[in-house]
Amino acid sequence: MSTSTVRRPPMTLTPRWRKFVLVVHVVSSLGWLGITLVNAVLTFTSVFTGDARRQHAAILMMDQIGGYLLVPVSLTALISGIVLGVGTRWGLIRYKWVAIKLLLTLIATGLTLFSLLPGLRELAAAAESTMDGVLVSAGRRVDGFYPIIVSSTMYLTMTVLSVYKPGGKTAYGRRVTAKPARERQPV
């Protein structure tokens with residue numbers, strides 16, 4: 001019985017498709033960052049304004065932007081990143097920088113779906129149920145900046161990883177790309 005494994009060649013994207021998926025990935029990732037920055041401005045307005053109408057408008061806009069854009073944009077960034085990983089030489093877990101980006105994207109997508117969006121909806125419901133001229137107390141909390149700080153840090157980290165590609169191969173990547181011992185030995 002042979003101990004060698006049969007490896008199938010990895011699926012690779014054609015140059016045209018790779019560029020297309022890369023553009024989709026970069027645009028959706030930038031869109032995700034842009035949504036975060038817009039929400040930072042709206043959160044700042046909500047926390048520091050003394051005008052209840054302005055605060056209510058800022059909160060409701062955060063809900064509108066988040067409710068309509070965050071899910072499709074975050075899922076597009078995640079899926080296009082997976083397609084790039086599977087369809088290029090980088091793989092999903094062959095290189096440390098790709099594996100870390102995948103993990104951070106999964107975490108950011110999960111936090112968006114299960115924490116940020118429900119929080120935005122609760123805040124919007126509070127703004128809608130608060131009388132005109134009365135500030136929403138939950139909208140005055142500085143901890144509304146935490147998701148923005150965390151997500152912006154994650155996006156910046158992923159960008160740095162994409163540009164510098166640090167860390168080399170993972171143990172799996174070294175094992176998959178190493179030549180079998182028989183091929184390395186001279187005949």
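Colleague: Why is Gly173 called buried?

Modeller: Gly173 has 0% relative accessibility. Buried means under 20% relative accessible area, with a 1.4 Å probe and protein chains only. So Gly173 counts as buried. This is a predicted model: local features need pLDDT of at least 70, side-chain atom pairs count only at pLDDT 80 or more, and totals for chains, interfaces and linings use all residues. Residues are numbered from 1 along each chain as its sequence is written, and side-chain values use heavy atoms, leaving out hydrogens and water.

Colleague: What is Gly173 in contact with, leaving aside neighbours within four places in sequence?

Modeller: Ile93 and Arg94. Contact means heavy atoms within 4.5 Å. The C-alpha atoms of Gly173 and Lys96 are 8.9 Å apart, though 77 residues separate the two along the chain.

Colleague: Which helix holds Gly173?

Modeller: Helix 5, residues 171–177. Helices are DSSP runs of H or I, at least four residues, numbered from the N terminus. The protein chain has six helices and zero strands.

Colleague: What makes a set of residues a nonpolar core?

Modeller: Its members are buried Ala, Val, Leu, Ile, Met, Phe, Trp, Tyr and Cys residues, joined through side-chain atoms within 4.5 Å. The largest such core here has 20 residues. Trp32, Ile59, Met62 and Leu70 have the most contacts inside it. Helix 2 supplies the largest share of this core, seven residues.

Colleague: What does Trp32 touch, not counting residues up to four places away in sequence?

Modeller: Among them are Leu70, Val73, Thr105 and Tyr155.

Definitions and conventions:
Helix = DSSP H or I, 4+ residues; strand = E, 2+ residues; numbered from the N terminus. Buried < 20%, exposed > 50% of the residue type's maximum accessible area, 1.4 Å probe, protein only.
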